Amino acid sequence: MPDLVGERRANASQAGARLRGILGAEPVSGRVARKWVLGGRVQGVGFRPFVYRLADRGEIRGWVRNRAGEVEIFAEGDIEALNRFGRALLAEAPPLARPEILSESRAEPEGRATFEILESRSAQT
């Protein structure tokens, strides 16, 4: 049987290294924001509720939604919380999920007060 936990940790570590390369230096303190788009097996497996719980645990604000076979996440918080959140998206995913980070980028903080699950969007919107 494959070592899924070990594989997820390795993927999370690689994602963290890639994230540092993509995003470069960010402010050490203060509120920052990031966007992720995840593909793979992320729909019909409880992935959005998982992201919601993960955000709540890490004091992250923002939203998650399905988008044409993918999951889109906007998250804001302090830099360390976002780093932990980004790693956990892969390392702690639900058992039936097989998430893959398709893109991750900086975003402008929106000053959101909560984290929420938004309605799904089609490819056109």
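The legends below describe close-up views of a predicted model.

Local features are given where pLDDT is at least 70, and side-chain atom pairs where pLDDT is 80 or more, while totals for chains, interfaces and linings use all residues. Residues are numbered from 1 along each chain as its sequence is written, and side-chain values use heavy atoms, with hydrogens and water left out.

View 1. Helices (H or I, at least four residues) and strands (E, at least two) are DSSP runs, numbered from the N terminus. Two strands count as paired if DSSP finds at least two bridges between them. Strand 1 (residues 31-41) pairs with strand 3 (residues 70-78) in the antiparallel sense, over 8 bridges. Within this pairing, Trp 36 has Ile 73 of strand 3 as its bridge partner. Strand 1 is also joined to strand 4 (residues 98-107) by 9 bridges, and these two strands run antiparallel. Here Gly 40 has Pro 99 of strand 4 as its bridge partner.

View 2. Asn 66 is located in strand 2 (residues 61-67). Asn 66 counts as buried because its relative accessibility is 12%; buried means under 20% relative accessible area, exposed over 50%, and partly exposed in between (1.4 Å probe, protein chains only). The side chains of Asn 66 and Gln 43 make a polar contact at 3.4 Å. Such a contact is a pair of N or O atoms within 3.5 Å; within protein, one must be able to donate a hydrogen and the other to accept it, and residues adjacent in sequence count only if both atoms are side-chain atoms. Apart from neighbours within four places in sequence, Asn 66 is in contact (heavy atoms within 4.5 Å) with Gln 43, Arg 48, Val 71, Ser 120 and Arg 121.

**View 3. The salt bridge between Arg 57 and Glu 92.** A salt bridge is a side-chain nitrogen of Lys or Arg within 4 Å of a carboxyl oxygen of Asp or Glu. The whole structure has 8 of them. In the one between Arg 57 and Glu 92, the closest N and O atoms are 2.9 Å apart. Arg 57 lies in helix 2 (residues 47-57) and Glu 92 in the loop between helix 3 (79-91) and strand 4, so the pair ties together parts 35 residues apart in sequence. Arg 57 is exposed at 56% relative accessibility, and Glu 92 is partly exposed at 39%.

**View 4. The salt bridges of Glu 72.** Glu 72 forms a salt bridge with Arg 65, with the closest N and O atoms 2.9 Å apart. Glu 72 also forms one with Arg 67, at 3.7 Å. Glu 72 is buried, at 4% relative accessible area, and Arg 65 is buried at 11%, whereas Arg 67 is partly exposed at 24%. A network of salt bridges links Lys 35, Arg 65, Arg 67, Glu 70 and Glu 72.
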